[in-house]
Amino acid sequence: MDEIDRAILRELQTDGRIPYADLGPKVGLSPSAARQRLQRLIDAKVVQVVGVTDPMAMGGQAMALLGVRVDGDPRAVADALSRHGEVIYAVLTSGTFDLFTEVVCPSPAALLDFINDVVRPVEGVTAVENFPYFGIHTHRFLWDVG
């Protein structure tokens with residue numbers, strides 16, 4: 001990746017739907033050259049262009065990151081939890097927790113029920129630590145692309 005690729009990625013972080021006619025001049029390229037550059041990044045799997053929803057705007061009122069400790073294969077636990085609509089993602093980790101799972105529930109009470117009635121009974125789960133998010137617009141996807 002060169003500086004122009006990084007400039008394209010910075011612009012896409014600001015507005016993922018920016019037209020090539022606007023993107024090209026912002027990064028010093030023609031619109032068609034910007035399109036070709038972005039396509040090359042997509043083909044190389046450096047970047048994915050996707051829609052990201054705001055779970056809170058879609059009716060979720062309680063979000064949390066769950067740190068899960070597992071006795072056994074954490075992949076099986078991640079797979080089991082990922083089958084539930086409340087789970088946004090599950091990622092395997094190393095260190096204090098075996099996996100992290102981000103969840104969205106319609107209320108704080110529903111979050112508590114999800115943890116106690118869904119997460120804790122999964123075979124292999126030995127502990128769950130809840131890191132709730134408070135307020136609206138808690139997500140910021142601001143990876144520095146250089």
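Select helix α5, residues 108-119, in this predicted model. Helix α5 has twelve residues. From its first C-alpha to its last, α5 reaches 15 Å, close to the 16 Å expected at 1.5 Å a residue.

Next, show the side chains of L111, F114, I115 and V119. These residues of α5 are buried. Now look down the axis of α5. The buried residues fall within an arc of 95°, so they line one face of the helix. Which residues are exposed on the other side of α5? Pick L112 and D117 there.

Is T101 buried or exposed? T101 is buried, because its relative accessible area is 1%, and buried means under 20%. Leaving out residues up to four places away in sequence, T101 touches A64, L65, L66, L81, V87, Y89 and A90.

Last stop: select helix α1 (residues 3-14) together with helix α3 (residues 31-43). Their axes lie 10 Å apart, and the two helices pack at an angle of about 90°. Helices α1 and α3 are therefore roughly perpendicular to each other. Show the residues that make the contact. On α1, pick I4, D5, I8, L9 and L12. On α3, pick A34, R37, L38, R40 and L41. Colour this contact by class: seven residues are nonpolar, three are charged and none is polar.

Note on methods:
Residues are numbered from 1 along each chain as its sequence is written. This is a predicted model: local features need pLDDT of at least 70, side-chain atom pairs count only at pLDDT 80 or more; totals for chains, interfaces and linings use all residues. Side-chain values use heavy atoms; hydrogens and water are left out. Axes are lines fitted to C-alpha atoms, for helices over the stretch in contact, and angles run from 0 to 180 degrees between N-to-C directions. Helices (H or I, at least four residues) and strands (E, at least two) are DSSP runs, numbered from the N terminus. Angles under 35 degrees count as roughly parallel, over 145 as roughly antiparallel, 65 to 115 as roughly perpendicular and the rest as oblique. Contact means heavy atoms within 4.5 Å. Ala, Val, Leu, Ile, Met, Phe, Trp, Tyr, Cys and Pro count as nonpolar, Asp, Glu, Lys and Arg as charged, and the others, Gly among them, as polar. The expected span of a helix is 1.5 Å times one less than its number of residues. Buried means under 20% relative accessible area, exposed over 50%, partly exposed in between (1.4 Å probe, protein chains only). The arc is that of the directions from the helix axis to the C-beta atoms.
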